[in-house]
Amino acid sequence: MAFNFQKPFSNFIVVCLLCSLLTSHFQVFVNGDDWFSPALGTWYGDPNGSGSGGACGWADDVKLAPFSSMIAAGNSRIFLNGKGCGNCYQIKCNRTPYCSGKPITVTITDECPGACNDVPFHFDLSGFAFGAMANPGQEYNLRNLGQVDIQYQRVACNYGGANIAFKIDAATNPYWFATAIEYGNGDGGLWSVEIAHSGSQGFVPMRNIWGAVWQADVNPSNFLGPFSFRLTSASTNNVVIATNAVPSGFVPGQTYFSNVNF
């Protein structure tokens, strides 16, 4: 792009528009005390409970590794009508003597509606994750507060050696295929998902129907497994292909791990 140095104001407008486009499309993941923002933290369920993956389609998977109960439900500005499913955040609290001040990392797996939207940003953590913010021996006392001011920042997800998994929707049938996609490193969320049947190089777009659940209408006469998926991450547009991730004899309700991650 050529700039007209005789028209500095026009150049300024062009730069601002470019910056706006870039920041609207890309999410910068940061680590450091200077990037934390204020929010309200609460907890739900049992004191050492795992929370829920309901609104994202992950059900009780939240209690299993790699989520390992370190999850939170977010209000509308965090859940983003399901687009926030899978996003990861560092969260910490500083209230003495209860809080350690050390950040924990949680994944958004559910929505906190209603009164959670009375404040701009609200994280409703599992009982286990809420207690993880405490100083040793202060877990009960911290939970007994019910709520606490917290600080948060978006970070890249890192599930260690776990690969992307496909949790087949229980309503899947020969004409309607849907799967919840979980454990994505990096962005966490997905911009697009495409599916290809056995022996095909042609990927068909899937629709994000709710939470982290993606769906495609299929023809059982020619759309046969195993199924492969092409996944594009939400912010950085990284692409991975999960080849033959779901077998031909898949069972609705079961989870199948791929051999890839971002």
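**View 1. Contacts of Leu 125 in the predicted model.** In this predicted model, Leu 125 touches a set of residues beyond its neighbours within four places in sequence: Thr 42, Trp 43, Tyr 44, Ile 71, Ala 72, Ile 91, Ile 104, Val 106 and Phe 130. Leu 125 is also one of the residues with the most contacts inside the largest nonpolar core, together with Ile 91, Phe 123 and Met 133.

**View 2. The largest nonpolar core.** This core has 39 residues. Several elements give two or more residues to the core, among them strand 2 (71–74), strand 3 (88–92), strand 4 (104–111) and strand 5 (122–126). Helix 2 (76–79) and helix 3 (127–131) are also on this list, as are strand 6 (147–155) and strand 8. Which element gives the largest share of the core? The answer is strand 6, with 4 residues. Apart from this core there is a second, separate one of 23 residues, which includes Phe 166, Leu 190, Val 218 and Leu 231.

View 3. The strands follow the order 11-12-8-7-15, and their pairing is antiparallel. Strand 11 (207–210) and strand 15 (255–257) are at the edges; each has a single partner strand, so one side of each has no neighbour in the sheet. From one strand to the next, the twist averages 35 degrees. Within the sheet, strand 8 (residues 176–182) pairs with strand 12 (residues 213–217) in the antiparallel sense over 5 bridges. Opposite Thr 179 is Trp 214, in strand 12.

View 4. Asn 261 is found in the segment after strand 15. Is Asn 261 buried or exposed? Its relative accessibility is 16%, so Asn 261 counts as buried, the cut-off for buried being under 20%. A polar atom of the Asn 261 side chain lies 3.0 Å from the backbone oxygen of Ala 162. The side chain of Asn 261 also reaches the backbone oxygen of Tyr 183, at 2.9 Å. Beyond its neighbours within four places in sequence, the contacts of Asn 261 include Asn 163, Ile 164, Gly 184, Asn 185 and Val 240.

**View 5. The disulfide between Cys 56 and Cys 85.** A disulfide is a covalent bond between the sulfur atoms of two cysteines. The structure holds 4 disulfides. In the one formed by Cys 56 and Cys 85, the sulfur atoms are 2.0 Å apart. Cys 56 is in the loop between strand 1 (37–44) and strand 2, and Cys 85 is in the loop between helix 2 and strand 3, so the pair ties together parts 29 residues apart in sequence. The torsion about the S-S bond is about -90 degrees, so this disulfide of Cys 56 and Cys 85 is left-handed. Cys 56 is buried, with a relative accessible area of 0%, and Cys 85 is buried at 4%.

View 6. Cys 88 is joined to Cys 157, with an S to S distance of 2.0 Å. This pair links distant parts of the chain, 69 residues apart: Cys 88 is in strand 3, and Cys 157 is in the loop between strand 6 and strand 7 (165–168). The torsion about the S-S bond of Cys 88 and Cys 157 is about 110 degrees, so the disulfide is right-handed. Cys 88 is buried, with a relative accessible area of 2%, and Cys 157 counts as buried at 5% relative accessibility. In the disulfide of Cys 112 and Cys 116, the sulfur atoms are 1.7 Å apart. Cys 112 counts as buried at 7% relative accessibility, and Cys 116 counts as buried at 7%.

Technical notes. Residues numbered from 1 in each chain as written. Predicted model: local features only at pLDDT ≥ 70, side-chain atom pairs only at ≥ 80, totals over all residues. Heavy atoms only, no water. Pairing = 2+ DSSP bridges. Axes fitted to C-alpha atoms, helices over the stretch in contact; angles between N-to-C directions. Buried < 20%, exposed > 50% of the residue type's maximum accessible area, 1.4 Å probe, protein only. Polar contact = N/O pair within 3.5 Å; in protein donor to acceptor, adjacent residues only side chain to side chain. Contact = heavy atoms within 4.5 Å. Core = buried A, V, L, I, M, F, W, Y, C linked by side-chain atoms within 4.5 Å. Disulfide = S-S within 2.5 Å.
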